[in-house]
Amino acid sequence: MMGNEKKNAIKERLPVRRLNRILAMLLLEVKSLTDEGRDLPIRWSLMHMYSSSQLAKLLAIHRGIDPELAGIAAALHDIGVVMTKKHRGHAEAASPYVYDFLGRYNRELGTKLTKVTEEEMEAIVKAVVQHSEKELNSNDPFVELLRDVDSIDAYLHGVEIEGSRLERCKKVMKELGIEMK
Ligand SMILES: [Fe+2]
């Protein structure tokens, strides 16, 4: 019986192999950096980018948009903080770092992975560059998703949130049918 169940089991695998490589690259590159001169500890940025990536996939599936693309944007969304060491203006400063990172991914992917296309890069960069503007509303679903995910990830890490971040958090919780205490 068990054997049959195993044989007939329906299998699912989310197509996120490019994202997994990107997360591995990110860890390798970030782990040697120190906290010297930084507004935020490097471990915070890494933890936040990783967990945001998971939440982004979940919310993207819920909203019917590409989970891997959303996950990549979330994984790289604070690369501006990592690279400039500053929090102020980090989203607006991120564009060259995202292009550089994804360019390296595309050059180093080997034979088993596929490239991040130009079009996908544009969508990722747009979401990353606009993610800090929590008080605005975009008609781009990736931009909105990243703003929501950034807000809810901070909340889930115990960061005190208010204003538009709190509003976004409540909106997402409601969307997912979760009551926020
Ligand atoms: Fe950010």
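User: Hi! What should the 14 residues of helix α2 span, and how far apart are its end C-alpha atoms?
Analyst: At 1.5 Å a residue, α2 (residues 17–30) should span 20 Å, and its end C-alpha atoms are 20 Å apart, which agrees. The expected span is 1.5 Å times one less than the number of residues. Helices here are DSSP runs (H or I, at least four residues), numbered from the N terminus. This is a predicted model, where local features need pLDDT of at least 70 and side-chain atom pairs count only at pLDDT 80 or more, while totals for chains, interfaces and linings use all residues. Residues are numbered from 1 along each chain as its sequence is written.

User: Thanks! Which residues of α2 are buried?
Analyst: Arg18, Leu19, Ile22, Leu23 and Leu26 are buried. They lie on the same side of α2, because they cover an arc of only 135° around the axis; the arc is that of the directions from the helix axis to the C-beta atoms. Buried means 20 or more other C-beta atoms within 10 Å of the residue's own, exposed means 12 or fewer, and partly exposed is in between, with C-beta atoms placed from the backbone.

User: Why do residues three or four places apart point the same way in an α-helix?
Analyst: An α-helix has 3.6 residues a turn, so residues at that spacing point the same way.

User: What's exposed on the other side of α2, and what covers the buried residues?
Analyst: Ala24, Leu27 and Leu28 are exposed on the other side of α2. The cover over its buried residues includes α3, α4 (67–75) and α6.

User: How many residues of α4 are buried?
Analyst: Nine of its nine, so α4 is mostly covered. Among them are Pro67, Glu68 and Gly71. What covers them includes α2, α3, α7 and α8.

User: Switching to α9: which of its residues are buried?
Analyst: In α9, Arg165, Arg168, Cys169 and Val172 are buried. Their arc around the axis is only 100°, which puts them on the same side of α9. The face turned away from that buried side carries the exposed residues Gly163 and Lys174. Covering the buried residues are elements including α3 (42–63) and α8 (141–156).

User: How do α8 and α9 cross?
Analyst: Their axes come within 8 Å and cross at roughly 95°, and α8 and α9 are therefore roughly perpendicular to each other. The contact is made by Arg147, Asp148, Ser151, Ile152, Ala154 and Tyr155 of α8 and Arg165, Arg168, Cys169 and Val172 of α9. Two residues are in contact if their C-beta atoms, placed from the backbone, lie within 7 Å. Axes are lines fitted to C-alpha atoms, for helices over the stretch in contact, with angles from 0 to 180 degrees between N-to-C directions. Under 35 degrees counts as roughly parallel, over 145 as roughly antiparallel, 65 to 115 as roughly perpendicular and the rest as oblique.

User: What about phi at lysine 85?
Analyst: Lysine 85 has a positive phi of about 70° although it is not a glycine. It sits in the loop between α5 (79–84) and α6 (95–108). With 16 other C-beta atoms within 10 Å, lysine 85 is partly exposed.

User: And where is serine 138?
Analyst: Serine 138 is in the loop between α7 (118–130) and α8. Serine 138 counts as partly exposed because it has 15 C-beta neighbours inside 10 Å. Leaving aside neighbours within four places in sequence, its contacts are Gln130, Val143 and Glu144.

Methods: Helix = DSSP H or I, 4+ residues; strand = E, 2+ residues; numbered from the N terminus.
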